[in-house]
Amino acid sequence: MQWDIVIGLEIHVQLATRTKIFSGSSTAYGAEPNTQANAVDLAMPGTLPVPNEQAFRYAVMFGLAVNAEIERRSVFERKNYFYPDLPKGYQTTQLERPIVGPGYVDLDLANGETKRVRIHHAHLEEDAGKSLHEDFHGMTGVDLNRAGTPLIEVVTEPDMTNAEEAVAFAKKLHGIVTSLGICDGDMSQGSMRFDVNISLKPKGSDTLGTRTETKNLNSFRFMEQAIAHEVERQMDILEDGGTIVQETRLYNGDRDESRSMRTKEEANDYRYFPCPDLLPVEIDDSFIEQARDSLPELPDARKARFMEQYGLNDYDAGLLSGDSKLAGFFEDAASHGKDAKLVANWIQGEFSARLNAEEKSVADSPITGAQLGDLVVRIADNTISSAGAKKVFEALWSGEKDNVDAIIDAKGLKQVSDTGALEAMVDEVLAGMPDQVAQYQQESDPKKQKKMLGGFMGPLMKASKGQGNPKLFNEILVKKLGG
Amino acid sequence: MHNKSVAELSRELESGQVSSVELTQQFLDRIKREDGKYNSFITVTEEQALADAQAADAQRAAGNVTPWTGIPFAHKDIFCTNGVRTTCGSKMLENFVPPYDATVTANFRQAGAVCLGKTNMDEFAMGSSTESSYFGATTNPWGLGQGEKRVPGGSSGGSAAAVAARLVPAATATDTGGSIRQPAALCGVTGLKPTYGRVSRYGMIAFASSLDQGGTMARTAEDNALMLNVMAGFDPKDSTSLDREVPDYTVTLNEPLKGLKIGLPKEYFSDQLSPAMEQQVRNAVREYEKLGATVKEVSLPNAKLAIAAYYVIAPAEASANLSRFDGVRYGYRCEDPKDLMDLYTRTRAEGFGTEVKRRILVGTYALSAGYFDAYYLKAQKVRRLIQQDFINAFEEVDVLMSPTTPSPAFIQGEKTSDPVTMYLEDVFTIAINLAGIPAMSVPAGFVDGLPVGLQIIGDYFSEARLLNAAHQFQQVTDWHQREPQ
């Protein structure tokens, strides 16, 4: 049987505010456990939440960036459940009146088509703390540093039909929130977490099947794997005549396994009700207009500009504009490097390969865009060969030296491009190789001739101590030998 | 000395007739000697109080003086006090010492007042008799003369009894459904519940957040005004507090009442009220007529729905507010929990008393899937109707007057077995919290030797007018000066 796959996403985006959504504690990542939790975060008796205006500004900016309606009056509710990392015994979140209403994002697919994914809504809420199950010998540790960090939860319509679209959407959203500067986008630290809702239905059917939710996927790769895994699992069950249980599942990316966390019957009754400690939040036109004025360039606009300003093709522009850090790196390099196409090639080639090999993000790159730009300048102006350029790149990456020209000097990578000097060397080498010269001149097949040129290059490079410009050597040789 | 008001004591401190240390020692001695009969204090902070008194005397010597500098008083044990345990009348917080002050606490500290201790209360402010305290019931100073142990009302029964027994001239209190006015009435003292949002709730342990309001308790209206001067105001730590100018509430106390329009809600003079109580209240209203006020009957048609709506909304909010008492971070924790569920269930089963558990269950039920619309949403609609009743009434009159309670102080244990009878204690006070408006209870006579309270209800932010009306009444009556024997 043929199946249609139906995918919807829920994405938790940690907002990059300095302080928490309802308290003045810092949101910085990585501090000693419980050093960034004050009386409010600990839910001490009598403490009260005070909303952080910046979180609202960020949520509004997000709403504007995804073409959404901004709700003028949003209401916080309490979602009640007991867990040790939830100090108040309820999460303050939004349900009936979220701050961001319906919107959409357009995806450019690999086949050249544009796919629209609708956003159902996005709401503001507080993050929980963390339960630490290791290191406490039969007990659980609780770290409340993260408790109260502002999140927006983005909920899409079930508009995606395969893993590629879901990942493309996730990457697009990542690009939007990092470009807006409202999220650091660091998925390994949980700054963005994806829940995937998946169901299957017979091809062409109008009726949605029973869905499952796979929670807390924190990389694009795991997301893609988890979708493939879950689609296969559901397909196996359905083709065996079974039924899908509505449930929440946890995916283990390291083992490519998933297990049921809880079924619908086991689901909590969260007893939502409006939080009486927080008045409804009214957002007026001027707040929205200020947020609109503060919107930076977003990936779609940036892509168009890259094509226009740097003459990049659609593919290169798409790749370099999605992630704001990568885009920034490219622009730093291109403004130094003149030849934007060559910069783009180096970023997608050597640079990306090294980042991937070392599992680093652009932000952790040991070399700067400006340095890469300087390197590309020296390639373009023939100061160094591409082999020499790789050596310079290595030296920059390892931190040996930070100045491209200094590395070229120190390593003696500068090419000799003085035609007079090169001609003298060619004359000298050819004079020492009369047999090979005669052989070349007797050969009538230009292809074979071309191959024979290589026999002269070795001695020439040796004579020039490796610094002769190979392109110029080649030209001079052809001229001299061809007579 | 113990019969003097805050205003009088303030003048004596100012004139140097007495020092704060002397005053503080006298009240501390009185608490030590007398409070065995009443159990109005959970914690007495003798050492801290004497140190604060000494500091206050030094402040005075330095010329840095407020009307509260060196004045002894007490806090209801619901206001967090930095470094002093704050129990909320519960085993759950028996050993809880907050590392922060409530805003109200900080304000009195700032004003130089000397806190003698923390007063008893119904557990988590849930009750109308101060019998549900983990630290034992408080006894009303009135009625002891006849050999009867009567309740002081609640939940601020400790504050009311302490003021009535002259253990302190003033005490803070809180009111969610009548918890200031009802005990003030039953103990023959003067109490004010301000407009919701007038006094910060920060550091005041929550019962029902949309109804809770901190307020004042003292023997005179003037002292209530002095208290409110310290307590009222916007607090950036409480986003439900209101950013509105705070007047000096003492300035308008002496304005004449000529032309004041008084409304008597007919629903509050019903058969629930004993004829003897009604007589006292009508006598009080006649005093106001003598002072130049006019009186007419008004109607609050939805008032009868108030108790039902309140007992959905308040428990619903409480069920969430009390979830934080889980044994994980502070407060009581059960012995040797075998797993997380055991930790939660035993901590809460052992740490909370019966009435608190009853309300958590009621509130949880009302918010549950399938019941939310029928209970919580319906109750919120009723709440708006009740609010509208008051708005309509205040288009006709300046203040409303009624009895504070249907009957005087009852005997301990009389209503503990039937929660609904207990809930009806608040039949005249509860609608005011639902509407969020201010109201006072003022001593207005006696029935069978027990005090009767007159409730004066005002429009939003009319505290100055209420205090003015109460003060003028106290210039022509002496009910508030009567001392229990």
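Me: Which residues of chain A does the UniProt annotation "domain: Asn/Gln amidotransferase" cover?
Reply: The model is a predicted one. In the unreviewed UniProt entry, that annotation covers residues 328-481 of chain A. This span is 73% helix and 0% strand, and its end C-alpha atoms lie 49 Å apart.

Me: Where does UniProt place the feature "domain: Amidase"?
Reply: An unreviewed entry places that feature at residues 22-467 of chain B. Here the chain is 37% helix and 14% strand, with the end C-alpha atoms 30 Å apart.

Me: How many residues of chain B are in contact with chain A?
Reply: On chain B there are 36 such residues, and they meet 25 residues of chain A. Helices H9 (306-321), H10 (340-351) and H11 (354-367) of chain B each supply at least two residues of this side. H9(B) gives the most, with three residues. By class, the side of chain B that touches chain A has 21 nonpolar, eight polar and seven charged residues.

Me: How are two packed helices described?
Reply: The description uses the angle between their axes and the distance between the axes. In chain A, the axes of helix H2 (residues 163-180) and helix H3 (residues 220-239) come within 9 Å and cross at roughly 155 degrees. H2(A) is therefore roughly antiparallel to H3(A), the angle being over 145 degrees. The crossing of H2(A) past H3(A) is right-handed.

Me: Which residues of H2(A) and H3(A) meet?
Reply: A:Ala163, A:Ala166, A:Val167, A:Ala170 and A:Lys171 in H2(A) meet A:Phe220, A:Met223, A:Glu224, A:Ile227 and A:Ala228 in H3(A). By class, this contact has eight nonpolar, no polar and two charged residues.

Conventions. Residues numbered from 1 in each chain as written. Chains lettered and ligands numbered in written order. Predicted model: local features only at pLDDT ≥ 70, side-chain atom pairs only at ≥ 80, totals over all residues. UniProt positions renumbered as here; feature names shortened; annotations may be inferred. Helix = DSSP H or I, 4+ residues; strand = E, 2+ residues; numbered from the N terminus. Contact = placed C-beta atoms within 7 Å. Nonpolar A, V, L, I, M, F, W, Y, C, P; charged D, E, K, R; others polar. Axes fitted to C-alpha atoms, helices over the stretch in contact; angles between N-to-C directions. Parallel < 35°, antiparallel > 145°, perpendicular 65-115°, else oblique. Left-handed = near helix turned anticlockwise from the far one by under 90°.
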